[in-house]
Number of protein chains: 2
Amino acid sequence: MTDPATAYEELRAAGLKLDLTRGKPSSQQLDLAAGLLDQPGAGQHLAADGTDTRNYGGGQGLPELREIFAPFLQVPTPQLIAANNSSLELMHDTLVHALLSPLPGAPTRWVDAGRVAFIAPVPGYDRHYGVCERLGIDLVTVGMTEDGPDMDEVERLVAGDASIKGIWCVPKYSNPDGAVYSDEVVRRLASMPTAAPDFRIMWDNAYAVHHLTSDEVEIADVLALAAEAGNPDRPFVFGSTSKITLAGAGVAFLGGSQANVDWWLKLTSKKSIGPDKVNHLRHARFLRDGAGLRAHMSAHRELIAPKFAMVERLLLEAFSDTPGVSWTTPKGGYFVSLTVPDGLASEVVRLAGEAGIALTPAGATHPYGKDPQDAVIRLAPTLPPLDEIERAMAGVVTCLQLALARR
Amino acid sequence: MTDPATAYEELRAAGLKLDLTRGKPSSQQLDLAAGLLDQPGAGQHLAADGTDTRNYGGGQGLPELREIFAPFLQVPTPQLIAANNSSLELMHDTLVHALLSPLPGAPTRWVDAGRVAFIAPVPGYDRHYGVCERLGIDLVTVGMTEDGPDMDEVERLVAGDASIKGIWCVPKYSNPDGAVYSDEVVRRLASMPTAAPDFRIMWDNAYAVHHLTSDEVEIADVLALAAEAGNPDRPFVFGSTSKITLAGAGVAFLGGSQANVDWWLKLTSKKSIGPDKVNHLRHARFLRDGAGLRAHMSAHRELIAPKFAMVERLLLEAFSDTPGVSWTTPKGGYFVSLTVPDGLASEVVRLAGEAGIALTPAGATHPYGKDPQDAVIRLAPTLPPLDEIERAMAGVVTCLQLALARR
């Protein structure tokens, strides 16, 4: 075996230009939705109930599209909103609404509440942190387990501090570690006592149907559990078709209790005369129904599961016996989380970058871009072709081997 | 001639169900954009520069679409943003950004500024008022003239009160009175001294290309005049294709100084990974270029100019010699503003409503829904077919005659 330093010099000399940074679908995945680009077709603009989708109105979005997604997002159709193309925007705007108008159950609007803080399970999704940082909402980190956030710590924090107004959750195939919240974690989130009467769960079910194996994982119904526990207004549920149909031209969803939905629609009616219903109609016609959605996601799986398998294979070949090196083998979602010995993550990312392999900056999985252990590297294998994944991951292996050798 | 009371009883007995309330395009107008519903077509998703419009990214919107609209909105292409489907949303979100992050030149974010107020020229657009009311921004009214707002009053207010942070303007074919701002008014707005260093003009150029006559009215270039006067960051320019292509599925635009645009894009990048670029591509392909846009608007004009002519004819036949009754004859836009003697507007709207003719509530053209003179009725003749316009306006004439007779 070549020694790590020589292997790295050879890697650099190869002049690669590869990218494992972002969770973007590949063009082959986007091609699966090519049929959407002809929809709805001239003259085919009427919805099932006769609504002219071309005109203004319909703030809640097209019913036939909401019906398709309601069971997958575990929200009753009347409590589900279909919006424009970005669920991140719905999350951001929900927090803006809460800052500027009291939420159901809130004593004040949040800009008048003094400090507002959210719990951020780590590792987590950098754009959730970005929304809070932009809006002046503090982030309090809590560790993730295989079953979801460390609930003892979450319960302790929310019970004792009324300035903690919410928690970010990616409950299924979480970003980046692929964790699936256990039923018990969901039940505890839905029922735990909170000092803040207006506490909210930001339930970003981004990967609800994004399975990588035949084990199509189900999670508990957070809305139902919260209602049963007497906290019906606690969860806001989010989802989108960005990684189902077209990343930039999909449809985002928001669901919650009737009170939350009414509050949201009333405030949103002041800023828009309705979402793009033609795009809703396109999606309803293209996906047809739940079975159509499932079949479409199977086609995605066929394209991306081999990429995840390639990442797994190369890591396993190199590091199956290496202390301190571990990685996730997610059953769905868009990421593999690679854990390296403390203090090495940013060094590996730096070495890879100098060899032409772009990795997500170490720390991006933590608030303010700072991973105190400097141990987590997020790998995003969906976008590049399989042969590039292979070359990039072989390079990552070399970089990690060098970093380990130099330690 | 039948006496007004008898005529009104006959009108009620006819059991009409007609609607002149909202400025919505008719389905015939929407049909003009039928070609958009087949766009871009499977496999036709690449932009001129090779961008895959289906994927994430491109926060400023597709260049080829911005190029088409830049000259019409009088914004250089690099300073123009193409977004999703609602310019109202862009206005709302711009004010939200200003509330939560300091604008270029602002000493503080507006939520920390104490009182924030905007000037609302009256009569004006109810949804502008709604955005301010929802965000806790006070409205200070100033009268409209044929040439735009009463500038003596505007200059006096903004010079003396630093809490006045902006003004709403619909500079061409204004809603509802069809006024066109004179070059002198634009120059004064762009150059007037303001006590607030972060004063902004909300330049809602909603009807930039929406001509009703062959006199395609031009207005002065507010961005250029503001820059010349040393106030480059003062105007935010807005526009949309809602009344060009599809009301609910068009594209909205925002333009301004480079500093304003950079500020807006940076904040917006925290809430979305980009607008729907596929819809941008649809619009660019369908409209082709400036000449295509002009030709498309001529087709609109052919459909709606006869409706405006019908309103004009019936009002002229009935009230050409009636003191206190006057109306606008706009050269573009979506509305006719009918002025009746003080105190009669809500009575006419009530009488019409009881006869099955829905009119916009009297007062909607003023903040908080209160027209102190109760004298302005906004008529929106684009949506109903011509024969319904004729019957509805004949009914409005009857109602006004009765209200005048009863006075």
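**Figure 1. Helices H1 and H13 of chain A pack against each other in this predicted model.** Helix H1 (residues 4-13) and helix H13 (residues 386-406) of chain A have axes 9 Å apart and pack at an angle of about 145°. Axes are lines fitted to C-alpha atoms, for helices over the stretch in contact, and angles run from 0 to 180 degrees between N-to-C directions. Helices (H or I, at least four residues) and strands (E, at least two) are DSSP runs, numbered from the N terminus. The crossing of H1(A) and H13(A) is left-handed, a term used if the near helix is turned anticlockwise from the far one by less than a right angle, with right-handed used if clockwise. From H1(A), Pro4(A), Ala5(A), Ala7(A), Tyr8(A) and Leu11(A) meet Gly395(A), Thr398(A), Cys399(A), Gln401(A), Leu402(A) and Ala405(A) of H13(A); contact means heavy atoms within 4.5 Å. By class, the contact of H1(A) with H13(A) has 8 nonpolar, 3 polar and no charged residues. Ala, Val, Leu, Ile, Met, Phe, Trp, Tyr, Cys and Pro count as nonpolar, Asp, Glu, Lys and Arg as charged, and the others, Gly among them, as polar.

Figure 2. The axes of H3(B) and helix H10 (residues 277-287) of chain B are 8 Å apart, and the packing angle is about 55°. The crossing of H3(B) and H10(B) is left-handed. Glu64(B), Leu65(B), Ile68(B) and Phe69(B) of H3(B) meet His280(B), Leu281(B), His283(B), Ala284(B) and Leu287(B) of H10(B). The contact of H3(B) with H10(B) consists of 6 nonpolar, 2 polar and 1 charged residues.

**Figure 3. Helix H4 of chain A meets helix H4 of chain B.** The two helices, each residues 87-100 of its chain, have axes that come within 12 Å and cross at roughly 60°. H4(A) and H4(B) are therefore oblique to each other, and their crossing is left-handed. Val96(A), Leu99(A) and Leu100(A) make the contact with Val96(B), Leu99(B) and Leu100(B). The residues in the contact of H4(A) with H4(B) are 6 nonpolar, no polar and no charged.

**Figure 4. Salt bridges link chain A and chain B.** The contact takes 58 residues from chain B and 58 residues from chain A. There are 6 salt bridges between chain B and chain A, each a side-chain nitrogen of Lys or Arg within 4 Å of a carboxyl oxygen of Asp or Glu. In one salt bridge, between Asp93(A) and Lys271(B), the closest N and O atoms are 3.2 Å apart. In another, between Arg54(B) and Asp31(A), the closest N and O atoms are 2.7 Å apart. Arg54(B) lies in the loop between helix H2 (27-31) and H3 of chain B and Asp31(A) lies in helix H2 (residues 27-31) of chain A, so this pair joins two chains.

Figure 5. Pro176(A) lies in the loop between strand S6 (164-169) and helix H7 (183-191) of chain A. Pro123(B) is in the loop between strand S3 (117-122) and helix H5 (126-135) of chain B.

**Notes.** Residues are numbered from 1 along each chain as its sequence is written, and chains are lettered from A and ligands numbered from 1 in the order in which they are written. In this predicted model local features need pLDDT of at least 70, side-chain atom pairs count only at pLDDT 80 or more, and totals for chains, interfaces and linings use all residues, while side-chain values use heavy atoms, with hydrogens and water left out.

Technical notes
Parallel < 35°, antiparallel > 145°, perpendicular 65-115°, else oblique.
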